[in-house]
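This briefing reviews a structural model, topic by topic. The sequence and the coordinates are shown first, and the commentary follows.

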2 protein chains.
Amino acid sequence: MNSQAEDHGHHISQQFNSELEAVKNHMMEMGGAVEKQLSDALTSVVDADSGLGKRIMKEDDEIDAMELKIDEECSLILARRQPAASDLRLVLAIIKTVRDLERIGDESAKIARMGVKLSEEGEFPEGFVEFKHLGKNVASLVGNALDAFARYDAEAALAVAQADADVDKEYGSATRSMITYMMEDPRSISRVLNLLWALRALERIGDHAKNIAEHVIYLVKGMDVRHENLDNLADQIVDAE
Amino acid sequence: MNSQAEDHGHHISQQFNSELEAVKNHMMEMGGAVEKQLSDALTSVVDADSGLGKRIMKEDDEIDAMELKIDEECSLILARRQPAASDLRLVLAIIKTVRDLERIGDESAKIARMGVKLSEEGEFPEGFVEFKHLGKNVASLVGNALDAFARYDAEAALAVAQADADVDKEYGSATRSMITYMMEDPRSISRVLNLLWALRALERIGDHAKNIAEHVIYLVKGMDVRHENLDNLADQIVDAE
């Protein structure tokens, strides 16, 4: 490491720690805002509430601004503090996580757009139950991924990565139901497609939750586990204990 | 910035430069591999070539491995060299760009999967012309974004960001055509949906090309331009000349 830096002693390093803590807190705040965005987007579809849907599409700007701010804080820490080892991993994990959070916000805004369209059509399409169910599961993945980050819990993160596979399966079966609905009633095609896009957005959000979980594992275990087979991964995480 | 580091003199800084150059070259190689992946994926759909489609799905692993390697090189540079200013921006832009490249590889693999399905169905669906056209435009966006990075050309990057809006429009109109095809012939629904997913993957690839262009602008101009209005952006880039 840098022995010069260590000579500056305890004071500098405490200040550095609180900078790291602050940027992590900002990321968690952004996470909270994104979770609220997603939960409101789900409600806007379920209640066909176009007012709520429109508000969410607007709030997406605030989440974008949070991403830029945190990204800049991270760049400043890298430039000024030159972190190493686990501190560097924390900064890099935050840079990557805020990008996933921003995408979750984007996908939530897309879902809200579908909520507005569905409310204009004034009718609940088939496939509504599938949407509600998948939405609930995906929202809990996002929440669990953020909790795992807050607590630096690699095992909880691994559970999120594994649960994403169930979301993908559920999404596949919901998609097949939608195709059946469209074939049975071709006049419903455009309406059911809107729900299909909303389901797809949920599946994407599940992927981003999985990405965040992988950033947590990288941060805690120092292993880059993207593209790893999940069974091997579970072994490695246990081995590394 | 760090006067200690400068005392080490020319030799260290030359070594550092060649490390930066090397990681940038690795990113450009990854870019080349991803471009080939996309172009093969387009061919697999257009020629309904299931052999080619299957090969592409396999090659996605190599691209994933490239991403991890480059990411690790960047972490090492950050930890050991503690870059500042434009060097730091270069490393951060590379970290972000390889992630976009990896996603382009993923989306290409999805398109290849559709190529395999379409070849099994043994029939060209409606919407084939739209797909070919959008595919060509998106591939050129990716190529132009990478060229802009190679030449640190912010204006070329801005042109990519602007052209992505045309891709989005074209995607919207292709989607509407697909809906019409499905309504006219409900038996085609599942087949046309496959093409719809492939179109959606192309639209996503266009978004990632735009992201790469934004990383180039950040790198060259030091401005974070994500979420900016493109007209304002053009003014800023000209003002900054």
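What percentage of the 241 residues in chain A do buried residues make up? In this predicted model, the buried residues account for 51% of chain A. Chain A contains eight helices and zero strands, and chain A superposes on chain B by a rotation of 180 degrees. The points below treat the fold, the relation of the copies, helix packing, the cysteines and selected residues.

**Fold of chain A**

- Read from the N terminus, the elements of chain A follow the order α-α-α-α-α-α-α-α, in keeping with a count of eight helices and zero strands.
- The C-alpha trace of chain A extends over about 75 × 40 × 20 Å along its principal axes.
- If one takes the contacts in chain A between residues at least 6 apart in sequence, 81% of them link residues at least 24 apart.

**Relation between the two chains**

- Two copies of a chain are related by a rotation about an axis and a shift along it.
- Here the rotation that brings chain A onto chain B is 180 degrees, the shift along its axis is 0.0 Å, and the RMSD is 0.0 Å.
- This relation is therefore that of a two-fold axis.
- Gln82(A) is the residue of chain A that comes closest to the rotation axis, with its C-alpha at 2.8 Å.
- The copies meet through the same surface, because 100% of the interface residues of chain A are also interface residues in chain B.

**Helix packing in chain B**

- Two packed helices are described by the angle between their axes and the distance between the axes.
- Helix H3 (residues 50-81) of chain B packs against helix H4 (residues 85-121) of chain B at an angle of about 170 degrees, and their axes are 9 Å apart.
- Angles over 145 degrees count as roughly antiparallel, and H3(B) and H4(B) are therefore roughly antiparallel to each other.
- The contact of H3(B) with H4(B) comprises 15 nonpolar, five polar and nine charged residues.
- H4(B) also packs with helix H7 (residues 189-221) of chain B: the two axes come within 9 Å and cross at roughly 170 degrees.
- H4(B) is therefore roughly antiparallel to H7(B) as well.
- In the contact of H4(B) with H7(B), the residues divide into 19 nonpolar, seven polar and nine charged.

**Cysteines**

- How many disulfides are there over all chains? The count is zero, a disulfide being a pair of cysteine sulfur atoms within 2.5 Å.
- Cys74(A) takes part in no disulfide, and the nearest cysteine sulfur, that of Cys74(B), is 16 Å away.
- Cys74(A) has a relative accessible area of 0% and is therefore buried.
- Cys74(B) is likewise in no disulfide, its nearest cysteine sulfur being that of Cys74(A), 16 Å away.
- Cys74(B) also counts as buried, because its relative accessibility is 0%.

**Loop residues with positive phi**

- Tyr152(A) has a positive phi of about 45 degrees, although Tyr152(A) is not a glycine.
- Tyr152(A) is located in the loop between helix H5 (128-150) and helix H6 (154-184) of chain A.
- With 37% relative accessibility, Tyr152(A) counts as partly exposed.
- Ala48(B), also not a glycine, has a positive phi of about 45 degrees.
- The position of Ala48(B) is the loop between helix H2 (9-46) and H3 of chain B.
- Ala48(B) is partly exposed, its relative accessible area being 23%.

**Residues of helix H2**

- Is Asp40(A) buried or exposed? Asp40(A), which is found in helix H2 (residues 9-46) of chain A, counts as buried because its relative accessibility is 11%, and buried means under 20%.
- When neighbours within four places in sequence are left aside, Asp40(A) is in contact with Leu52(A), Arg55(A) and Ile56(A).
- Ser39(B) belongs to helix H2 of chain B and is partly exposed, with a relative accessible area of 37%.
- Ser39(B) and Gln236(B) are separated by 197 residues in sequence and by 34 Å in space, C-alpha to C-alpha.

Conventions. Residues are numbered from 1 along each chain as its sequence is written. Chains are lettered from A and ligands numbered from 1 in the order in which they are written. This is a predicted model: local features need pLDDT of at least 70, side-chain atom pairs count only at pLDDT 80 or more; totals for chains, interfaces and linings use all residues. Side-chain values use heavy atoms; hydrogens and water are left out. Axes are lines fitted to C-alpha atoms, for helices over the stretch in contact, and angles run from 0 to 180 degrees between N-to-C directions. Helices (H or I, at least four residues) and strands (E, at least two) are DSSP runs, numbered from the N terminus. Angles under 35 degrees count as roughly parallel, over 145 as roughly antiparallel, 65 to 115 as roughly perpendicular and the rest as oblique. Ala, Val, Leu, Ile, Met, Phe, Trp, Tyr, Cys and Pro count as nonpolar, Asp, Glu, Lys and Arg as charged, and the others, Gly among them, as polar. Buried means under 20% relative accessible area, exposed over 50%, partly exposed in between (1.4 Å probe, protein chains only). Copies are superposed by least squares on the C-alpha atoms of residues with pLDDT of at least 70 in both. Contact means heavy atoms within 4.5 Å.
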